[in-house]
Amino acid sequence: MMRDGWGGRRRFPAIATLPAEQRSRLTFAMLPPSLTLMFAPGTVAYTLIRPIGRGDAGRQRSRDYGGWLLPQSTLDLPDLTRGAPR
């Protein structure tokens, strides 16, 4: 995001029903203790952090899950690459 709008090419097209003002906004939301959301004009991204126990320094103490929520109009695009989740 730049002061004058998006810098570079968008990864997903904006949702068609969004007003022009909302097409240049990026919003983050955090829902403690473990959920973060990012709202963009064409998608919603989410991350969920789940604790898996105490640990010593250097040991993994949480697992991260996340993904993208896309409108059907984006999923129907012919050049959208769909692969198996990693």
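How much accessible surface does the protein have, and what share of it belongs to carbon and sulfur atoms? The accessible surface comes to about 7,300 Å², and 55% of it belongs to carbon and sulfur atoms. Such areas come from the Shrake-Rupley method with a 1.4 Å probe; for residues, only the protein chains shown count as cover.

This is a predicted model: local features need pLDDT of at least 70, side-chain atom pairs count only at pLDDT 80 or more, and totals for chains, interfaces and linings use all residues. Residues are numbered from 1 along each chain as its sequence is written, and side-chain values use heavy atoms, with hydrogens and water left out.

**Overall make-up**

- The protein has one helix and four strands. Helices (H or I, at least four residues) and strands (E, at least two) are DSSP runs, numbered from the N terminus.
- From the N terminus on, the order of elements is β-β-β-β-α.
- The protein has 86 residues, and 15% of them count as buried. Buried means under 20% relative accessible area, exposed means over 50%, and partly exposed lies in between (1.4 Å probe, protein chains only).
- Take the contacts between residues at least 6 apart in sequence: 27% of them join residues at least 24 apart. A contact means heavy atoms within 4.5 Å.

**The sheet**

- The four strands form an open, antiparallel sheet in the order β1-β2-β3-β4. Two strands pair if DSSP finds at least two bridges between them.
- β1 (27-31) and β4 (62-69) stand at the edges; each has a single partner strand, so one side of each lacks a neighbour in the sheet.
- From one strand to the next, the twist averages 15°. Axes here are lines fitted to C-alpha atoms, for helices over the stretch in contact, and angles run from 0 to 180 degrees between N-to-C directions.
- Strands of a sheet pair through backbone hydrogen bonds, either parallel or antiparallel.

**Strand β3 and its partners**

- Strand β2 (residues 35-40) runs antiparallel to strand β3 (residues 43-51), and six bridges join them.
- A hairpin of two residues links β2 to β3.
- β3 also pairs with β4, again in the antiparallel sense, over eight bridges.
- Thr-47 of β3 is the bridge partner of Thr-36. In β4, Thr-47 has Gly-66 as its bridge partner.

**Phe-39 in strand β2**

- Phe-39 lies in strand β2. This residue counts as partly exposed because its relative accessibility is 34%.
- Residues up to four places away in sequence aside, Phe-39 touches Arg-25, Leu-26, Thr-27, Ala-29 and Val-44.
- Thr-27 is twelve residues from Phe-39 along the chain, yet their C-alpha atoms are separated by 5.0 Å.

**Thr-74 in the helix**

- Thr-74 is found in helix α1 (residues 72-75).
- Is Thr-74 buried or exposed? Thr-74 counts as buried, because its relative accessibility is 2%.
- Neighbours within four places in sequence aside, Thr-74 is in contact with Phe-12, Pro-13 and Leu-80.

**The salt bridge**

- The count is one salt bridge. The rule asks for a side-chain nitrogen of Lys or Arg within 4 Å of a carboxyl oxygen of Asp or Glu.
- The side chains of Glu-21 and Arg-25 form a salt bridge, at 2.4 Å from N to O.
- Glu-21 counts as exposed, at 54% relative accessibility. Arg-25 counts as partly exposed, at 40%.
- Side chains of opposite charge can pair when their charged atoms come close.
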